[in-house]
Amino acid sequence: MALRGVWQLQKLIVSYCDWGGSSRGIRAFMESQLPTFKEKNPQLELVTELIRGQHPLLKGFYKNKNERVICVKNMTPEDILLHATRLRNALGRKVVKLKTRHVTKHPSVQGTWTTDVKF
């Protein structure tokens, strides 16, 4: 995703094994869909990395120095393309868990409204 018109994903590394069974899907992805993905995203540096004996990974490096790694073992090429586009569309920020559903600067003194209120 672009933040102020600048794509946040700088580099995408595709790690795979050339003989492992769990890398079958990523090898098919590299043959069929990776060239078009690379063509549609010229702002992105795409690197393929051969690592023997390891499960396949997608590693995304963002402008804010964060990194996301997704294991894509035994996935179909369509699923791998979906994960690659999700990495491209992400801002690279850390996930922050909210304590409550309602985030406000001025919380109510009476508490949040629920349907269980008895009159």
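Arg4 sits out in the open: it is exposed, with a relative accessible area of 79% (exposed means over 50%, buried under 20%, and partly exposed in between, using a 1.4 Å probe and protein chains only). Keep in mind that this is a predicted model, where local features need pLDDT of at least 70, side-chain atom pairs count only at pLDDT 80 or more, and totals for chains, interfaces and linings use all residues. Residues are numbered from 1 along each chain as its sequence is written, and side-chain values use heavy atoms, leaving out hydrogens and water.

Arg4 has a positive phi although it is not a glycine, and Lys65 also has one without being a glycine. Here are the two of them:

| Residue | Phi | Loop between | Relative accessible area |
|---|---|---|---|
| Arg4 | about 60° | strand 1 (2-3) and strand 2 (6-7) | 79% |
| Lys65 | about 70° | strand 5 and strand 6 (67-71) | 75% |

Helices (H or I, at least four residues) and strands (E, at least two) are DSSP runs, numbered from the N terminus.

Now for the inside. The largest nonpolar core has 18 residues, and Leu12, Ile26 and Leu58 touch the most other members. Such a core is a set of buried Ala, Val, Leu, Ile, Met, Phe, Trp, Tyr and Cys residues joined through side-chain atoms within 4.5 Å. Two or more residues each come from strand 3 (9-16), helix 1 (24-32), helix 2 (34-40), strand 5 (57-62) and helix 3 (77-89). Strand 3 gives the most, with 4 residues.

What does Leu58 touch? Leaving aside residues up to four places away in sequence, its contacts (heavy atoms within 4.5 Å) include Ile13, Val14, Ile26, Arg68, His83 and Leu87.
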